[in-house]
Amino acid sequence: MEDFVYFFSFQDPNVAMVVAGITLLSISAAMVGTFTFLDKKALLGDAISHAVLPGVCLAFMFAGSKNPYWIVLGAFITGAVSTYAIEWISRSTKLKEDTVIAAVLSVFFGIGILLFTQLQQTGDAALSGLDHFLFGNAISIVYEDLMVYGILALLVIVCLLVFYKEFKLIIFNPGYAQSVGLPVKRLKLLFNTLLVMAVVTGIQAIGVVLMAALLITPPAAARFWSDRLKIILLLAVIFAVLSGIAGAYISFAVPHMPTGPWVVMAISFIAFASFFFAGKKGILSKWYNQRNYQQKIHRDHLLKSLYQVRERNAAPLGKADILELFPGKEKETKRFISKLKKEGQIEEKSNHLLLTPTGLVEAKRVVRLHRLWELYLAQYLNLAPDHVHDMAEKMEHLLTPELEAKLDASLDYPTQDPHHSKIPRDHDL
Amino acid sequence: MITQVENPVLEVHDLTVSYGRNPVLWNIDFTLPKGSLAGIIGPNGAGKSSLIKAIMGLLEINNGFIKIFDQGLNEVRKKISYVPQRESVDWDFPASALDIVQMGTYHKLGLFKRPGKAEKALALDCLKKVGMEKYRDRQISELSGGQQQRVFIARALAQQAEIYFMDEPFAGVDISTENMIVDLLKAMTAEGKTVIVVHHDIHSAPKYFDWIIMLNMYLVASGPTEKVLTEELLEKTFGGKLSLLSDAAQLIKQKGFNPLKS
């Protein structure tokens, strides 16, 4: 708790610097990532985040120490070369892009690991901290790092804001963008450059490979919540910043804990939460709606059975008779009986369940929809009367009043279904 | 049967176009008068869409040239509007109908500027012209095929161009949308705009178009509808490909590079 207060009060200028750095890089990653995600190029981000490793190692070898300028330059060069290689190979061979991405990614990462191992074996003290680039360590950021990575991230953010409408158009409809005279090729090159830069800014704080998660997971989570690009961008940025700071805090509170894996945990948690709980697109609301619909079916069937008894002038049903009608669903049926009673749709008189006037209207509606649909299938789809029942059984719960009116009109307000049963109306007795 | 005209709005001169390494159009040469409502017809694989894409500079030209208003494409871009095939885009993209129509105003804004009030008013007006004002804030994936096509047409209208190229605007739309679009196009050509439409239904073509361009990898005919819609020319257009052209295309495909590339 003490750590928590200390960290989030930002009284320590080092902490404030780390938070500023991780915030900037999270914003730039989430913004570039949103466009990449919408362009269905998520894998490209993954490839780049692997391909910067050899560049980082070469920079170490060249500079002999952890110098952010050399590291950014090295990472940028190998990242850019991998992007260009992927594009060139897919364009000039018949190989599909996913194959090319997988191959290029492994080659670059393989070389990176080779160089990395080589560097570690030299045991040079100046090389300590190299492993931070694998899994990230936000706390190791010093002022010079912040300047380099922060300015890069700012540059990415500003570019994306300036070319917002152009990138949007190019991703949605590249052919059209070219037809109105946008320099599509140059803008795509610029975008790929920004993508590489966004990955490079994250290598020290998040780590090379895990940086891909900070690009793609925030927009994937945000997409569940909105259909507006601006809101998706904003949400992606918020999600990324929250998980970035969470990762940095854990690295701060637990000694020697890398940042990258915790950032990935946090952002994945947000993504899963979005998947389950997001508005009408979330899986939970889909389950909920499905369950409600099942319940409506059961309720409609209950009312219908009471109506049919009445229609046949048969002896009224007791509670036990009704429970027997729905075998295996006793508990639910009991609950619905008491619910319908409370709603005033049915009443119990001398141990018999009867429809009240409001219940009768509702029951008639269900039976009417069923019979109208049967008649519709018979008349318009030329189906035999013995083929229409099963579908009508499903449609009776689904049809809206608007569709009912349309159905009635196209059948010219019929009085009988194909089995010569009466189609019940509100004004009948 | 190729009718050439004086002072054409569009001149396609000896045009040969490949899709990748595959030649799809051979030596297309025609001219089009101002104010025509022209239909490009032909069988599948005849190169109808490729012709429009080549004119819009989206495909590499191997031979020949194109002039619009007697100028090159880049000089007259602001007078041209292109409506791509509806299936060519991902309709799950997070945007509303109004967002898409506003894209038609981007090219006049230039870099750095966002669409403002004037652009929004123009976009709304164009949505109204295609009967879609009620759906302005609707997510585009929730629109029907016909409504999506209307949005695309509205975006083209927002460009306020002089010449319109439309790729299969009637594919997969309902009959009321088709009629609405045809009426709109006829009104546009009556005002002196020129409209060129890729069309797949030969039966409705004479009702819709006053000029017909018949393609079957080569130009079979180009001229006023009543002159070119003959039994003989239809047979040439739809009665199978010229086998020598197909063989030559096959030969080029096997080369591993495009020998037609200049």
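**Ground rules.** I am working with a predicted model, in which local features need pLDDT of at least 70 and side-chain atom pairs count only at pLDDT 80 or more, while totals for chains, interfaces and linings use all residues. Residues are numbered from 1 along each chain as its sequence is written, chains are lettered from A and ligands numbered from 1 in the order in which they are written, and side-chain values use heavy atoms, with hydrogens and water left out.

**Salt bridges in chain A.** I began with Glu362(A) and Arg299(A), whose closest N and O atoms are 3.7 Å apart. Glu362(A) sits in helix H17 (residues 357-380) and Arg299(A) in helix H14 (residues 283-311), so this pair ties together parts 63 residues apart in sequence. Helices here are DSSP runs of H or I with at least four residues, strands are runs of E with at least two, and both are numbered from the N terminus. Glu362(A) and Arg299(A) are both buried, meaning under 20% relative accessible area; exposed is over 50% and partly exposed is in between (1.4 Å probe, protein chains only).

Next I checked Lys304(A), which forms a salt bridge with Glu396(A) at 2.9 Å between the closest N and O atoms. This pair links distant parts of the chain, with Lys304(A) in H14(A) and Glu396(A) in the loop between helix H18 (389-395) and helix H19 (401-410), 92 residues apart. I found both Lys304(A) and Glu396(A) buried.

For Lys349(A) and Glu347(A), I noted a salt bridge with the closest N and O atoms 3.7 Å apart. Lys349(A) is partly exposed because its relative accessibility is 46%, and Glu347(A) is partly exposed at 28%. I also saw that shared partners join Lys296(A), Arg299(A), Asp300(A), Glu362(A) and Arg365(A) into one network of salt bridges.

**Where chain B meets chain A.** I found 34 residues of chain B in contact (heavy atoms within 4.5 Å) with 24 residues of chain A. The two chains bury about 2,600 Å² between them, 60% of it from carbon and sulfur atoms. Buried area is the accessible area (1.4 Å probe) that two parts lose on being put together, summed over both. Phe93(B), Pro94(B) and Tyr106(B) supply 24% of what chain B buries against chain A, more than any other three residues.

What is the count of salt bridges between chain B and chain A? It is one. I traced a salt bridge from Lys40(A) to Asp90(B), with the closest N and O atoms 2.5 Å apart. Helices H3 (97-102), H4 (106-109) and H6 (145-158) of chain B each supply at least two residues of the side that touches chain A. The largest share, three residues, comes from H4(B).

**Helix H13 of chain A.** Which residues of H13(A) are buried? I listed Gly260(A), Val263(A), Val264(A), Ala266(A), Ile267(A), Ile270(A), Ala271(A) and Ser274(A). They cover an arc of only 165° around the axis, which puts them on the same side of H13(A); the arc is that of the directions from the helix axis to the C-beta atoms. On the other side, I found Met265(A), Phe269(A), Phe272(A) and Phe277(A) exposed.

Note on methods:
Salt bridge = Lys/Arg side-chain N within 4 Å of Asp/Glu carboxyl O.
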